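Thanks for coming. I will go through a few local features of one structure, strand by strand. Please have the coordinates open.

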Amino acid sequence: MRPKPHIVDLPVYQPGKPIEEVKRELGLDEVIKLASNENPYGSSSSVAEAIQAELSQLSLYPDGSSAELTTVLAEHLGVERNQIIFGCGSDEVIALITRAFILPQDESIMADQTFSVYKSNVDIEGGVSIEVPLKDGVHDLDAMLAAVTDNTKIIWICNPNNPTGTIVEHDNLISFLNQVPAHVLVVLDEAYCEFVTDENYSDGISLLNQYPNLVVLRTFSKIYGLASLRIGYAVANAQSITYINQVREPFNTSRIAQAAAKAALTDYDFVESCRTKNQQGIEYLYGQFDELGLEYYPANGNFIFVNIKSSGLDMFQSLLKQGIIIRAGFGKYPNYIRVSVGTPEQNEKFITALKHALAQ
Ligand SMILES: *Cc1c(COP(=O)(O)O)cnc(C)c1O
C-alpha cells in the first residue's frame, strides 16, 4: 500500500467515553457528562414533531441542496441563499474548506490552543499549520497577521475560542480584517455565538459584505441541541461558497437533520431560555471558583476554562471516579480543565466533586 505520505503518521481522533460505558465500568447509577459542550436542556420540542413527520420518508435521499432549510436560514440571517452551505456538522464544513483551498505546503494560521479540527484537516491536505500562541487566552491577532506570507491560504479564528472561552473584541477584529491580504481566507468559527452576551462581540455575518475573504461557521450542535444529527453551515461571499460546494459530496446532510434544523431555528424562546440559563450557570460557577481561589478565563460560550493549579489529567481521573466527565489534557494548559455548563443540579454536583477532589 502507498497511502499519501503526509497522512501516514496522523493520529486517529480519540473520542470521550460514552456515558453508558463509564457507568458500567465504574458501577455508577448516574454519570454526568460536561465534556462536549452539549446542550443540557436537549432541543426544542418542535424538533421531535419535525422528525416524526420525516419518518415515512426514510427511504428517500435528502434534498442535496437543502433548499428549504437554506431559504429559512437565509431569511433568518439576512443573507442571500447562495451565501450558505451546509455540512455534516461544521466539522465537515471545515474539511470541505481545506479540501477546496489547501494544497500540500500551503500555510494555514491558527491559535496554539484552539479547536483541533482546523489543524487535523490542514494536516490531511498536506498543508503547514502555523500555531500562534494565545495571549492571555485570547487570539493574538497582531502576531497572526505577522505570520502571514505569500503561501498563507487560511487563518482560523475561533470566536468564542474553544477551549479558553475568550472572544476577540469587535474593534480588534475589524482592524485585523482591514489588514489581512485579500488572498487569505479568514474563517471565523462562531459555534458558540448564540451564547455570547458581551457587547464587544461582533456578529461575523454582519461583516460579510465588507470582507469578501471572510467565511463564518455556525452549527446546530450547540445552543440548538442537535449534536447527534450532525448539521452545521458556513456563510460567506457567494464565490467562496461556490468553491466549497464544488468539493461537497451530493448528500452530506440527512433529511432528518434538515427538518430538525429548520424547526429548531425558529424556536426563539428555546434559544433565549438556554442563553439565560447558561448565563446563570456561568455566574454560579464563577462564584464557586472564586470561593475556591481558582482562576478562569471569561466564559463566553457554554463552558469554562479553569486553572485548578495541579494536573488537569489527574483531576479528570478523580472527577471520573465520582461520575463526572470533563475535558483536560490541553497541551499548552496542563493545569486547566474545561467544563461545560450544565443544569443547576449538574453544576452543583460537579462543584461538590471538584471540592472533594481538591481536598485529597
Ligand atoms: C462544537 C464545535 C463545532 C461544531 O461541531 P459540529 O461538527 O457542528 O458538531 C465547531 N467549532 C467549534 C469551535 C466547536 O467547539
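Both faces of strand β8 are covered: Gly-232, Ala-234 and Ala-236 on one side, and Tyr-233 and Val-235 on the other, are all buried. Buried here means under 20% relative accessible area, with exposed over 50% and partly exposed in between, using a 1.4 Å probe and protein chains only. The strand spans residues 232-236, and five of its five residues are buried. Helices (H or I, at least four residues) and strands (E, at least two) are DSSP runs, numbered from the N terminus.

A word on the source: this is a predicted model, where local features need pLDDT of at least 70, side-chain atom pairs count only at pLDDT 80 or more, and totals for chains, interfaces and linings use all residues. Residues are numbered from 1 along each chain as its sequence is written, and side-chain values use heavy atoms, with hydrogens and water left out.

Which strands pair with β8? Strand β2, residues 84-87, is joined to β8 by four bridges, antiparallel, and there Ile-84 stands opposite Val-235. Strand β7, residues 214-219, is joined to β8 by five bridges, also antiparallel, with Val-216 opposite Val-235. Two strands count as paired if DSSP finds at least two bridges between them.

Next, Ile-154, in strand β5, residues 152-158. Is Ile-154 buried or exposed? Ile-154 counts as buried because its relative accessibility is 0%.

Glu-107 is buried yet has no salt bridge, and the nearest side chain of opposite charge, Lys-153, is 11 Å away. A salt bridge requires a side-chain nitrogen of Lys or Arg within 4 Å of a carboxyl oxygen of Asp or Glu. For charge, Lys and Arg count as positive and Asp and Glu as negative, while His and the chain ends are not counted. The side chains of Glu-107 and Thr-149 do make a polar contact of 2.9 Å; that term means a pair of N or O atoms within 3.5 Å, within protein one able to donate a hydrogen and the other to accept it, and residues adjacent in sequence count only if both atoms are side-chain atoms.

Last, an open antiparallel sheet of three strands, in the order β9-β10-β12. β9 (295-296) and β12 (336-340) are at the edges, each with a single partner strand, so one side of each has no neighbour in the sheet.
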